[in-house]
Amino acid sequence: MTKGTHPSTQTRRPDWAALTIAAVLAVVAGLIFWDVSRLIGLAGYSQVGPTTVPYAIACCLIGLAVWTAAEALRGDFPERDHQEIGPVAWIVGGLAAQMLLLNTLGFSIATGFLFALTARGFGKRKLWLSVPIGIAFSFVVWVIFAKLLQLSLPAGPLERLFF
Amino acid sequence: MGTFDFLLQGLLVAAQPMNLLYALIGVTLGTAVGVLPGIGPALTVALLLPVTYQLDPAGSLIMFAGIYYGGMYGGSTTSILLNTPGESASIVTALEGNKMARAGRGGPALATAAIGSFVAGLIATMGLAFIAPYIVKLALVFGPREYFALMVLAFVTVSSAFGDSALRGLTSLFVGLTLALIGIDQLTGQTRLSFGVPDLLDGIEVTTVAVAMFAIGESLFIAAQGDRGPDKVEAVRGSVWMNAADWARSWKPWLRGTFIGFPIGAMPAGGAEIGTFLSYATEKRLTKHPEEFGNGAIEGVAGPEAANNASAAGTLVPLLTLGLPTTATAAIMLAGFQQFGLQPGPLLFATNPQLVWGLIASLLIANFMLLVLNLPLIGLWVRLLTIPKPWLYAGILLFATLGTIGANPSVFELGMLLAFGLLGYVMRVFGYPIAPVVVGLILGPLAEQQLRRALSISQGDVTVLFTSPIAAVLLVIAALAFLVPLIMRARGRGEVLTQLAASED
């Protein structure tokens, strides 16, 4: 909500999270300047080249960083709701597990873990039940998409057992 | 040939059995994702892009358009029965629709939503067919600078004109524009921002970003809210059919909603939400039963539902005629066109009329399919709402990663999916809109190309951007769209704009 236009008088502490966002925007702008500076000698006969637009974007990012910092210092950012970290960690863990296991154990097993850990994040605690369910479901999906629709999904020991 | 001949030819293309099948798959999937809270048409189209590499272009695009239309129908079911909008254009429907369902009038609410969507979809699709040729003619005089101005206008309206903060909208847009820089420059072949990583040379896939932010970011956000108690699904009691009084009170809102929604969708002015809010406000002012508003007035369901379907069709006008996406779903559909080496725009009407008109005609057919899917079969969709959350989101993430793995089964790609998912989550927490990222990512390179062409022609003279009357007018409108809301917010009138927030679809 736009409470920003009427800065509340009681709390005017700087918003550190929002200041971090401003800093990140500035760093990204710096990264663009640094990377594009390599290309300078390559600009064409007109002054317009591959560097023009990146420079413009980087300048705008700096402007946005300043704007964000100003709003952060005035406490203009909206209040955040309380966030539960636990469920987020479970789901991120599931995605990481799938990423690392995919090429060794194949689609079904890796995605089974993603499935079970996501369900855990949403409150299904019985992993001994949800991991097998996840692997079985992923295997069915693998058969449909890899065999019927010809999508290239990595096979692992489980898939090679059947095909 | 006139529009009618083209449309008849298009109907012949659309009536081919395979294309009918694709349309049916599209509208069914679209209704399903519209019904399920948390996933919208943008995400679904993004998920399906890798799966459709091998299919034929016309069929895939017909399917995508079916998903878009279906999502608009399905969203109303969730709003009415669950009070949680299935997609962002159905927020208003929840206001009156859920009250009707609680009062035991869920059936007529669903019926007026479905029939209103049908009427609006039909009129708006015809509108699309008749307006498109004129815009194509107009677009033929557009040069690089006019296109650039048009894209600047789209950037402004998508990011900063609506929503609760111009700052956060613009920041989202520039996140997308920065991501768009990564990879090989299209005009000179120089690598930019790839830092020697070979995986980045091809740039960042639109589908990866869209899936990560819409599916993973959204799932993380919902998980992080903790258990807020189960949502109550209102059972559909009594007859689904509307009585004579319902009809009498619905038909005018349907038509008004259509005429509000279509132009708003067709202008580069953000998502379908805006039309629904305007339609609701109009119905509230014109109604003969003001006491019912807030307690379940049927006009408050009929008008906005018609408006959101009409603006979905309207969105296809700039997409097909100018190649200009104005919503996240349209942006991803543009990626779908590009996947097949097609660039929507005036040329496509000349080089590939079967495809364009087949697509438009198939929307008419899809509309009939959707009416059948959403009235007699409504019970099936209601059952989707009873899937427990853990299994629902586990399944969503399974399919979300499936698309990415199918396109590129590398650890790097999945790492990006995770990274952008976390970025999307953080953005949600801080109130940054997601759609501008996707629009910036896909429209950024096109805008850069046009800008550099324009400047090369003028040998670096920037004033050339303002000397064409069309470009100048477009840039002035863009400047107004940026400044007026800023001034309105500064004067404490921001609430109106917050209500018009264009969020996801």
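User: What should I know before I start?

Analyst: The model is predicted: local features need pLDDT of at least 70, side-chain atom pairs count only at pLDDT 80 or more, and totals for chains, interfaces and linings use all residues. Residues are numbered from 1 along each chain as its sequence is written, while chains are lettered from A and ligands numbered from 1 in the order in which they are written.

User: Which domains does chain A have?

Analyst: Domain bounds come from an automatic or database domain assignment. For chain A, that assignment gives domain 1 (16-74) and domain 2 (85-162). Their centres, taken over C-alpha atoms, are separated by 39 Å.

User: Which residues of chain A does UniProt list as "transmembrane region"?

Analyst: UniProt positions are given in the numbering used here, feature names are shortened, and annotations may be inferred rather than shown by experiment. The unreviewed entry lists residues 16-36, 48-70, 90-115 and 127-145 of chain A. Now check two of these spans against the model. Residues 48-70 of chain A are 83% helix and 0% strand, with end C-alpha atoms 33 Å apart. Residues 127-145 of chain A are 100% helix and 0% strand, and their end C-alpha atoms lie 26 Å apart.

User: How do I check a helix's length?

Analyst: Compare its end-to-end distance with the expected span, which is 1.5 Å times one less than its number of residues. H4(A) has 22 residues and reaches 30 Å from its first C-alpha to its last, close to the expected 32 Å. Helix H10 (residues 244-266) of chain B has 23 residues and should span 33 Å; its end C-alpha atoms are 33 Å apart, so the two agree.

User: What span does H3(A) have between its end C-alpha atoms?

Analyst: H3(A) spans only 10 Å, whereas a straight helix of 37 residues would span 54 Å. Look at the bend next. The bend at a residue is the angle between axes fitted to the seven residues ending there and the seven starting there. H3(A) bends by about 140° at A:Leu105. After H3(A) comes A:Gly123, with a positive phi near 110°.

User: Where is the kink in H10(B)?

Analyst: It is at B:Ser250, shortly before the proline B:Pro253, and amounts to about 30°.

User: How do I tell buried from exposed?

Analyst: Count the other C-beta atoms, placed from the backbone, within 10 Å of a residue's own: 20 or more is buried, 12 or fewer is exposed, and in between is partly exposed. Buried residues make up 38% of the 163 residues in chain A. A:Thr20, in helix H1 of chain A, is exposed because its count is 12. B:Ala46, in helix H3 (residues 41-51) of chain B, is buried because its count is 31.

User: What does B:Ala46 touch?

Analyst: Two residues are in contact if their C-beta atoms, placed from the backbone, lie within 7 Å. Not counting residues up to four places away in sequence, B:Ala46 touches B:Thr207, B:Ala210, B:Val211, B:Ile332 and B:Gly403.

User: Which elements do the buried residues of H4(A) pack against?

Analyst: They pack against H3 and helix H5 (157-162) of chain A, together with helix H17 (389-407) of chain B. Among these buried residues are A:Phe137, A:Phe139 and A:Trp142. Just after H4(A), A:Gln150 takes a positive phi of about 60°.

User: How many residues are in contact between the chains?

Analyst: 61 residues of chain A are in contact with 54 residues of chain B. Helices H1 (16-36), H2 (52-74), H3 (85-121) and H4 (127-148) of chain A each supply at least two residues of the side that touches chain B. H3(A) gives the largest share, 17 residues. By class, this side of chain A has 37 nonpolar, 19 polar and five charged residues. Here Ala, Val, Leu, Ile, Met, Phe, Trp, Tyr, Cys and Pro count as nonpolar, Asp, Glu, Lys and Arg as charged, and the others, Gly among them, as polar.

Note on methods: Helices (H or I, at least four residues) and strands (E, at least two) are DSSP runs, numbered from the N terminus.
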